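User: Hello! I am new to this structure and would like to understand the words used for it. Could you take me through them?

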Amino acid sequence: MNEYGRETSKRARNEKVRRAREQFMMLVLLLALVPTILCIILFSKQARLKGDIEALEQKLKRYELQNNSTGGGSPNPGAGTENPTPFPSPTTTPAATPTEPAAAPTQGAAAGEEDSSDVILSSIDGRPVTVTPGADGKPIGGTQPEDNTEPFATPTPFPTPTIAVDPKTGELLPWANKKVYITFDDGPSKNTDELLDLLSEYGVKATFFVIGHEGEDYARLYKRIAEEGHAIGMHSYSHDYGKIYKSVEDFEKDFTKISNLLYDTIGYVPDLYRFPGGSSNSKCKALTIQPFISFLLERDMRYFDWNVENGDATGKSYTVEELAQNLLDGVEKKTTSVVLCHDTNAKGKTLESMKIVLPTLIEKGAQILPITADTPMIRHVKPAQEE
Ligand SMILES: [Zn+2]
């Protein structure tokens with residue numbers, strides 16, 4: 001009996017040990033099996049994705065070839081920064097170039113004269129493509145006020161704007177082929193800091209055609225404009241039509257003054273000029289502006305007028321929304337827009353309107369750029385020798 005009882009409890013213990021061993025073995029097996037199965041699944045997934053990438057890469061290559069053959073003469077030398085991300089829709093063509101209606105700036109000038117740049121994008125992919133304007137390395141600026149022998153400090157290189165593609169569909173956004181050069185005349189002003197903050201918030205660069213202001217705070221503003229990568233052009237020192245257009249000598253005096261002021265503050269003299277009132281200003285006729293044009297050309301300066309304006313200097317009191325709409329309506333009709341706006345103490349509404357203009361342009365995919373060496377020149381009055 002005692003013997004029997006001992007035997008039974010021994011058997012029971014053995015049984016328990018056996019079961020525990022079995023359970024342990026099952027656990028070990030399970031622990032080994034799960035990662036193996038996971039590995040197999042992941043490997044097959046990876047192989048499938050690799051295949052997808054190859055197919056898309058081929059599509060991209062085909063698309064690039066197609067694009068190069070249609071857009072051989074792309075006016076944008078910077079376009080073409082390669083990006084390996086495949087473009088999901090290789091048959092997409094850039095948005096149609098709208099025909100240019102005769103521009104009608106309020107001053108009755110013949111604007112839009114050279115606005116013929118049919119922009120064809122030479123590199124597109126699923127993500128925005130970076131494009132460098134002025135990629136020939138020519139900075140804005142370089143002429144020296146009195147002595148043309150020494151080179152000037154190179155201004156901050158311009159940033160890379162993006163050509164916008166809808167990230168969901170891969171299609172170009174409706175205004176992706178539009179280049180918009182927003183220009184602010186008559187600054188700096190008490191609004192300049194906020195304007196610069198806003199431009200920086202949206203990551204875009206503009207062009208400031210500045211006039212002469214003395215004092216530390218203005219010096220800081222000229223510097224800030226240049227340092228933040230915006231283009232700076234001269235717009236005369238005095239902005240006084242009666243003074244500067246009196247004679248070439250008077251024009252030169254004023255030109256030297258603004259050149260020196262900018263050289264002292266930003267370290268170089270810009271090679272951009274905008275005539276006060278434009279080349280078609282009320283003081284000069286097409287003929288009488290010619291000596292002033294020649295003066296600039298002799299100094300390797302380029303002058304720019306505009307073919308779109310927001311209307312902030314037309315004497316009409318537009319609301320913030322109207323100013324934005326004027327600008328957007330103008331841009332809609334152009335492939336290349338050089339937009340006239342003002343940066344003076346009285347133009348707070350223009351500053352406000354930029355809070356509508358900038359996000360709208362970006363949303364539609366337009367490229368907002370500073371004027372660079374390769375910007376098509378928009379001029380109301382051409383030099384006589386080019387007539
Ligand atoms: Zn002006």
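Analyst: Gladly. Buried means under 20% relative accessible area, exposed means over 50%, and partly exposed lies in between (1.4 Å probe, protein chains only). This is a predicted model, where local features need pLDDT of at least 70 and side-chain atom pairs count only at pLDDT 80 or more, while totals for chains, interfaces and linings use all residues. Residues are numbered from 1 along each chain as its sequence is written, and side-chain values use heavy atoms, leaving out hydrogens and water.

User: Why is alanine 231 called buried?

Analyst: Its relative accessible area is 0%, which is under 20%, so alanine 231 counts as buried. Alanine 231 lies in strand 5; strands are DSSP runs of E with at least two residues, helices are runs of H or I with at least four, and both are numbered from the N terminus.

User: What makes Asp186, His235 and His239 donors of the zinc ion?

Analyst: Donors are N, O and S atoms within 2.8 Å of the metal (3.2 Å for Na, K and Ca); water is not among the atoms, so sites may look incomplete. Asp186 (OD), His235 (NE2) and His239 (NE2) lie 2.1 Å from the zinc ion, so they meet the 2.8 Å limit. Their spacing along the chain is D-x48-H-x3-H.

User: Why does lysine 257 count as partly exposed?

Analyst: Lysine 257, in helix 5 (residues 248-266), has 48% relative accessibility, so it too falls between the cut-offs.
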